[in-house]
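Reader: I'd like to go through this one by asking what stands behind each label. Could you take me through it?

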Amino acid sequence: WMLAFGQSDFIIRLPSALAGIAAIPAIYKTGKDHFSITAGLIAATLMATSYQAIYYSQEARAYSMLLLMVCLHCGFLLRVIMDGSTRNRDRAGFILTAAALLYLHYAGAVLIFSEGLIFLLHFLCKPSRDRFVNGTLVLSLGVALYAPWLPVMYKHATSITAYWSPKPGWLEFRAVWEFLAGRDQTVLAGMAALVALCCGFLIVRAALAKTDGADRKAFALLLLLVFPVAIFFAKSIF
């Protein structure tokens, strides 16, 4: 990018800014296609005003592009894993965005692993041989495209002998969510209450075996709020 367009601050940051802007219609489409136009508009509004999204859209790093890929990938996740879509377009979209997540940042690997857990939970609740084969196929192919980088990943994982930061505790776990909320304690409390309320409602609905497709999709997205952060936290301790 710099070889083609130069090395000014504006040029170097431009890909992140464009990715941050593109994430707004991307998350709108995911909300609209799987829930409603209102859900899409709410999601787009939250994205456009997100402290973290704006912050990373100004950095010359991969995080904003990672955010865009997550928004695109979640749409394919809900179609292929939750709806059981076998359309080649949906499968290709899932596989390519999964590979992009993996190559952009190691956080992508944590997200894909979290999706694997969600896939297994969904299969256990709604057993289906065809959906299991379909989900396993797209997850495996997405990871397979990442195979050329695995030797480098192994080298990175095994070459670190010391860390610059101290071992984390529960306060650091909370600090992650404070950062996601823009360090606003009121927003943080509201997020926690909303997630707890939604999870409780959906779990009760699932227990009563009355969940429809939209409820299962909402629960899957809520799990994506929890699993990646918990995995990172557990990894950092061990």
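Predicted model: local features only at pLDDT ≥ 70, side-chain atom pairs only at ≥ 80, totals over all residues.

Reader: How are α10 and α12 set against each other, in angle and axis distance?

Author: Helix α10, residues 170-180, packs on α12 at an angle of about 145°, and the axes are 11 Å apart. The crossing is right-handed.

Reader: What makes α2 and α5 roughly parallel?

Author: The angle does. Helix α2 (residues 9-34) and helix α5 (residues 63-82) have axes that cross at roughly 15° and come within 7 Å. Angles under 35 degrees count as roughly parallel, and therefore α2 and α5 get that label. As for the hand, α2 passes α5 in a left-handed crossing.

Reader: Which residues make that contact?

Author: From α2, the residues include Ser16, Ala19, Gly20, Ala23, Ile27 and Asp33. From α5, they include Ser64, Leu68, Cys71, Gly75, Leu78 and Arg79. The contact divides into eleven nonpolar, six polar and three charged residues.

Reader: Arg79 is in that list, so what makes arginine 79 count as buried?

Author: Its relative accessible area is 17%. Buried means under 20%, so arginine 79 is buried. Arginine 79 lies in helix α5. Leaving out residues up to four places away in sequence, it touches Lys29, Asp33, His34, Gly84, Ser85, Arg87 and Asp90.

Reader: And asparagine 134, is it buried or exposed, and how do you know?

Author: Asparagine 134 has a relative accessible area of 2%. The cut-off for buried is under 20%, so asparagine 134 is buried. Its place is in helix α8. Its contacts, not counting residues up to four places away in sequence, are Val80, Gly84, Ser85, Thr86 and Arg91.

Reader: Why is isoleucine 237 called partly exposed?

Author: Isoleucine 237 comes out at 31% relative accessible area. Isoleucine 237 sits in helix α12. It touches Lys167 and Pro168, if you don't count residues up to four places away in sequence. The C-alpha atoms of isoleucine 237 and proline 166 are separated by 10.0 Å, with the two residues 71 apart along the chain.

Reader: What makes up the largest nonpolar core, and which residues have the most contacts inside it?

Author: That core has 33 residues, and Ile81 and Phe94 have the most contacts inside it. Two or more residues come from each of α2, α5, α6 (88-104), α7 (107-125), α8 (129-144) and α12 (213-237). The largest share, eleven residues, is from α5. Isoleucine 81 touches Phe76, Phe94, Phe119, His122, Gly135 and Val138, again not counting residues up to four places away in sequence. In soluble globular proteins, nonpolar side chains tend to be buried together.

Reader: How much of the whole chain counts as buried?

Author: Of its 238 residues, 32%.

Reader: And what does the chain's secondary structure come to?

Author: Twelve helices and zero strands. Among contacts between residues at least 6 apart in sequence, 66% join residues at least 24 apart.

Methods:
Residues numbered from 1 in each chain as written. Heavy atoms only, no water. Axes fitted to C-alpha atoms, helices over the stretch in contact; angles between N-to-C directions. Helix = DSSP H or I, 4+ residues; strand = E, 2+ residues; numbered from the N terminus. Parallel < 35°, antiparallel > 145°, perpendicular 65-115°, else oblique. Left-handed = near helix turned anticlockwise from the far one by under 90°. Contact = heavy atoms within 4.5 Å. Nonpolar A, V, L, I, M, F, W, Y, C, P; charged D, E, K, R; others polar. Core = buried A, V, L, I, M, F, W, Y, C linked by side-chain atoms within 4.5 Å. Buried < 20%, exposed > 50% of the residue type's maximum accessible area, 1.4 Å probe, protein only.
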